[in-house]
Amino acid sequence: MQPTPYIWKNGKMHPWETCTTHVLTHGLHYGSAVFEGIRFYETDNGPAIFELEKHTRRLIYSADCLNMTIPYSFDEINDAIVETVRINEVKAGYIRPLIYYGYGNLKVVPHADFAVDMIIACWPWGNYLKTDTAHNTVDIKISPYIRIHPTSTRTDAKISGHYINSLVAGLTVRDTPYHDVLMLDSDGYVAEGSAANIFVIKDGRLFTPPLGTILPGITRSTVMTIAKQLNFPIIEKRFKPDEIYNADEAFFCGTAVEVVGIGSLEDQKIGDGHAGPITQQMQAAYQAVVHGKNPTFYPAITWINKETSVSTSTNDNHTKKPMPSVAACA
Ligand code: PMP
């Protein structure tokens, strides 16, 4: 991780090195935190955040799932994220807002007015998944651990504790030739990767698992919009791994992962093992969108340098408390 000068914490900018928390923080012990992973890209109009408002909305939803009272409004969170990117002067990278139950006591269920802390960091971050350099795809294996079950927890929320599921699944392929895992649901249907949703392509049509078990990916919905623009039919349906073996192409998508072709599953090639033509088309279209080259997606883009922005995204206008001053303290 490449440090940047400041991390926003509870309304103020703190130097990266000293923005720390107590070892008895509730979230550290029980995973009682919620977060987002957001990317910002270099565009002709300077750095720009992709789908900021959708990420903030999901963050607030996730916090609600853990009964957290966030002391900031939707607009205040958006402003703080923009300010964090601006002050750190990074051109492109990744943004990590995190809201967590803080320091108080260690009863598992926090009381109603338990401390809730929030941080926002950003730093340059390139490719998330390593790919097979010859094919520019990932080789994956079915995880022996199933994706968390919707009756066990709030699977559609981005809760830190959920990531133990991805972590134990991912560990099964660490230091192996596989780049990631495919997680199934409790009935053996395809769910998603450790940090990405999946699409499978057969005869020019895109298939993806329906909402339920999976994280409702923001990139998944971008991909669906792009696919519609390109006139590819999209079908949300449950399917088993055999449909991947028989597919023409498959790809993962997610904010960190972006769009990456899947070359093989359990050592069986998908298509010819390379990123297929539709996958490549989706990759190129996605990169054009996030780099501000597709005007139909301007409402999804927040330009950091407002004076050079070419469009403003729509606001929900949720208002709670005024924003505490975001004063840089060195
Ligand atoms: N599933 C999981 C488990 C993830 O961690 C992610 C990454 N946030 C995704 C799917 C993709 O979601 P998004 O497109 O919103 O980043």
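Trainee: Is C65 buried or exposed?

Mentor: C65 is buried, with a relative accessible area of 12%. Buried means under 20% relative accessible area, exposed over 50%, and partly exposed in between (1.4 Å probe, protein chains only). This is a predicted model, where local features need pLDDT of at least 70, side-chain atom pairs count only at pLDDT 80 or more, and totals for chains, interfaces and linings use all residues. Residues are numbered from 1 along each chain as its sequence is written, and side-chain values use heavy atoms, with hydrogens and water left out.

Trainee: What about C253, buried or exposed?

Mentor: C253 is buried too, at 0% relative accessibility.

Trainee: How many disulfides are there?

Mentor: Zero, counting a disulfide as a pair of cysteine sulfur atoms within 2.5 Å.

Trainee: Switching to the ligand, which residues are closest?

Mentor: K158, Y163, E192, T219 and T255 are the closest of the 14 residues that surround the ligand (a heavy atom within 4 Å).

Trainee: How much of the ligand does the protein bury?

Mentor: The protein buries 96% of the 380 Å² that the ligand exposes when taken alone (Shrake-Rupley method, 1.4 Å probe).

Trainee: Now the rings. How many aromatic pairs are there?

Mentor: The count is 11. Rings of Phe, Tyr and Trp (its six-membered ring) pair if their centres lie within 6.5 Å; planes under 30 degrees apart count as stacked, over 60 as edge-to-face and the rest as tilted. Y298 and W303 form an edge-to-face pair, 5.2 Å centre to centre with 85° between the planes.

Trainee: Which residues form an aromatic cluster?

Mentor: W16, Y94, W123, W125 and Y128 form one.
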